[in-house]
Amino acid sequence: MFVELIEALRCPRDHAESPLVVTASRTDARHILDGVLGCPVCRAEFPIRGGEALFVNDSAAEAVAPDQEMGMRLAAFLELTDARGFAILCGSWGAHAEEVRALSDAPLLLVNPPDGVDVSATGIVRVRGRLPVAPSSARAAALDERDDPLLVASAVACVRPKGRIAGPTTVSVPDGVHELTRDARMWVAERRAAPDGPTRRLVTLRRA
């Protein structure tokens, strides 16, 4: 788990949002290979093993061969042109992480990637349901067709307003985003910005 990504992690349990505290037992440069993530609110603990943060123990996408073209498409669709902010790659998209990193310095958080993905200079989390990531903290996200509705909704919430969200055409464009374009394989959208000021309601006036 890349240390720069840990500050964006949050306890996934139902209580007030809380950053997680990390205790490292084995590191490699700025990468935590083994340790524990702890919640100061509910005292829950989540292990880090082999560089992966385990919020569940058995969640991985099906194996997919790395693809240079797909890595280029991801980097372009998600606008990963610099290192300002991290991007979330869900499911099988994680298989193309090395291809994306060859084109961009943006840190990557891989959610339930296929087994055997290189964990160096990335963060990997194994989860089921809601992502343990702070709202509006990611610059972009790529959704996978195996993602359940709760994971999709939380991934959208984790992306900052006007950040990019992409997915395969087999996945419906989720609520809260505006589709920008698509081709035969993928669509790309933008998270809607929160409205400024109080929400306005139309009121029907009736003559007394």
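Me: Start with F77: buried or exposed?
Reply: F77 is buried, at a relative accessible area of 17%. Buried means under 20% relative accessible area, exposed over 50%, and partly exposed in between, with a 1.4 Å probe and protein chains only.

Me: What should I know about the model before going on?
Reply: This is a predicted model, where local features need pLDDT of at least 70, side-chain atom pairs count only at pLDDT 80 or more, and totals for chains, interfaces and linings use all residues. Residues are numbered from 1 along each chain as its sequence is written, and side-chain values use heavy atoms, with hydrogens and water left out.

Me: OK. Where does F77 lie?
Reply: F77 is part of helix α2, which covers residues 68–77. Helices (H or I, at least four residues) and strands (E, at least two) are DSSP runs, numbered from the N terminus.

Me: What is F77 in contact with, leaving aside neighbours within four places in sequence?
Reply: R164, D183, M186, W187 and V188. Contact here means heavy atoms within 4.5 Å. Between F77 and R164, the C-alpha atoms are 7.5 Å apart in space, while the two residues are 87 apart in sequence.

Me: Which other residues of α2 are buried?
Reply: Besides F77, they are M70, G71, R73, L74 and A75. The elements covering the buried residues of α2 include β5 (87–90), α3 (97–101), β8 (138–142), β9 (159–168) and β11.

Me: What happens at the start of α2?
Reply: A side-chain oxygen of D67 comes to within 2.9 Å of the backbone nitrogen of E69. Just after the helix, E79 has a positive phi of about 55°.

Me: R73 is an arginine on that buried list. What does the R73 side chain meet?
Reply: R73 and D183 meet through their side chains in a salt bridge, 2.7 Å from N to O. D183 lies in the loop between β10 (177–182) and β11 (186–191) and R73 in helix α2, so the pair ties together parts that are 110 residues apart in sequence. R73 is buried at 16% relative accessible area, whereas D183 is partly exposed at 29%. The cut-off for a salt bridge is a side-chain nitrogen of Lys or Arg within 4 Å of a carboxyl oxygen of Asp or Glu.

Me: How many salt bridges does the structure hold?
Reply: 13. Another one joins R126 and D115, with the closest N and O atoms 3.6 Å apart. R126 lies in strand β7 (residues 122–126) and D115 in the loop between β6 (108–111) and β7, so that pair ties together parts eleven residues apart in sequence. R126 is buried at 3% relative accessible area, but D115 is exposed at 64%.

Me: What about R182 and E179?
Reply: R182 and E179 form a salt bridge too, the closest N and O atoms being 2.9 Å apart. R182 is partly exposed at 41% relative accessibility, and E179 is partly exposed at 29%. Salt bridges that share partners also join E52, D115 and R126 into one network.

Me: Change of topic: how many aromatic pairs does the count come to?
Reply: One. F46 and F55 form a tilted pair, 4.7 Å centre to centre with 40° between the planes. The rule takes rings of Phe, Tyr and Trp (its six-membered ring) with centres within 6.5 Å; planes under 30 degrees apart count as stacked, over 60 as edge-to-face and the rest as tilted. F46 is buried at 7% relative accessibility and F55 is buried at 14% relative accessible area.

Me: And the nonpolar core: which members touch the most others?
Reply: In the largest core, of 39 residues, these are M1, L37, I88, V125 and L131. Helix α4 (residues 149–158) gives this core its largest share, five residues. A second, separate core of 21 residues includes M70, V100, I124 and M186. A nonpolar core is a set of buried Ala, Val, Leu, Ile, Met, Phe, Trp, Tyr and Cys residues joined through side-chain atoms within 4.5 Å.

Me: Last one: where does pLDDT stay under 50?
Reply: Over residues 196–208, for which the model has zero contacts beyond four places in sequence. The protein chain averages a pLDDT of 87, and 89% of the residues score at least 70. pLDDT is the predictor's confidence in each residue, from 0 to 100.

Note on methods:
A polar contact is a pair of N or O atoms within 3.5 Å; within protein, one must be able to donate a hydrogen and the other to accept it, and residues adjacent in sequence count only if both atoms are side-chain atoms.
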